[in-house]
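Please open the model in your viewer and keep the sequence panel beside it. This tour tells you what to select at each stop and what you will find there.

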Amino acid sequence: MPKRDEAEVANATTEPHLHVVADYAALSHLAADIVTRVVNENPGGAITLPTGETPRGMYEELARRIERGDLDFSSIHFFCMDEYLGKGIDDKASLAAWLDDVFLTPANLHGANIHFVPSEDKNPAQAAAAYDARIAELGGLKLAVLGLGRNGHIAFNEPGSAIDSRTRVVDLTDESRDQNASYYEEGEIIPDQAITIGVGTILDSDLIVLIVSGANKSAILKAVLEGPISEEVPGSFLQTVGDRLIVIADIAAAAELS
Ligand code: PGA
């Protein structure tokens, strides 16, 4: 498994591509363009895309392209990025149900190429490792699109996640559970564990696209791109991949970048 250390970071001669766009619509369009290109160029390849509010517009655009016949997702292996432990597509508050609603059903995309996180497996640790191994068997990720948590998490890799962590069961921080509380009914218990694709799994991807929108993400985006590389801010590990990283931020999210 490739390991990244300070020497590699110091040797990284390439810089990430930063696109500061006017607004959320432009962000969604550009992200959809990159997904489209990677899907077209990599039949049979594996990609992972996020859930959350930030990618909603990207999915709507992708679904429109698929519906129009301008984009064919049928040969791509789409790996879901993370999921609450014990929750599956039949649970309204699961990430799989969100994805189904926003993308899979509108794009008519059910089938063997859609890989759901094995969050209901009776041996989740083993199933998570097998999920990671399946990605590797397919040649690794061609693309990982990421949202950014207010605490700097990428996927559900919370502060404290190691740079070489693989897909695994993780404990969720109260902050992340609060951030996602709106997806749950009043009084419903938000799970305190999840399975997430690992930091190392993400960093191995041929291309990584970080999408960030809104003023409430400006401070954490600055920490991710310009702060120290540290487990305290898992997104900061993206500084180690050089020009395999594309950051798409709207003006509000990019406001604090130097
Ligand atoms: P958001 O979530 O897109 O809903 O802000 C991002 C994340 O927590 O990864």
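Begin by selecting P124, A127, A128, Y131, D132 and I135, which are buried residues of helix α5; buried means under 20% relative accessible area, exposed over 50%, and partly exposed in between, with a 1.4 Å probe and protein chains only. Because these residues cover an arc of only 145° around the axis, they are on the same side of α5, where the arc is that of the directions from the helix axis to the C-beta atoms. Before going on, note that this is a predicted model, in which local features need pLDDT of at least 70 and side-chain atom pairs count only at pLDDT 80 or more, while totals for chains, interfaces and linings use all residues. Residues are numbered from 1 along each chain as its sequence is written, and side-chain values use heavy atoms, with hydrogens and water left out.

Now select the whole of α5, residues 124-137, which reaches 20 Å from its first C-alpha to its last, close to the 20 Å expected at 1.5 Å a residue; the expected span is 1.5 Å times one less than the number of residues. Helices (H or I, at least four residues) and strands (E, at least two) are DSSP runs, numbered from the N terminus. On the face turned away from the buried side of α5, look for the exposed residues Q126, A136 and E137. The buried residues of α5 are covered by elements including β3, β5, β6, β7, β8 and α7.

β7 is joined to β8 (residues 193-196) by four bridges, and if you select R168 you will find T196 of β8 standing opposite.

Which residues have the most contacts inside the largest nonpolar core? Select L49, F73, F103, L143, L210 and L221 to see them within this core of 72 residues; a nonpolar core is a set of buried Ala, Val, Leu, Ile, Met, Phe, Trp, Tyr and Cys residues joined through side-chain atoms within 4.5 Å. Helix α2 (residues 24-41) gives the most to this core, with seven residues. Apart from it lies another core, of nine residues, among them Y84, F156, L172 and Y184.

For the last stop, select Y183, which lies in the loop between α6 (174-179) and β8. Y183 is partly exposed, with a relative accessible area of 27%. Not counting residues up to four places away in sequence, Y183 touches G52, E53, A93 and W98, where contact means heavy atoms within 4.5 Å. The C-alpha atoms of Y183 and A96 are separated by 12 Å, although these residues are 87 residues apart along the chain.

Definitions and conventions:
Pairing = 2+ DSSP bridges.
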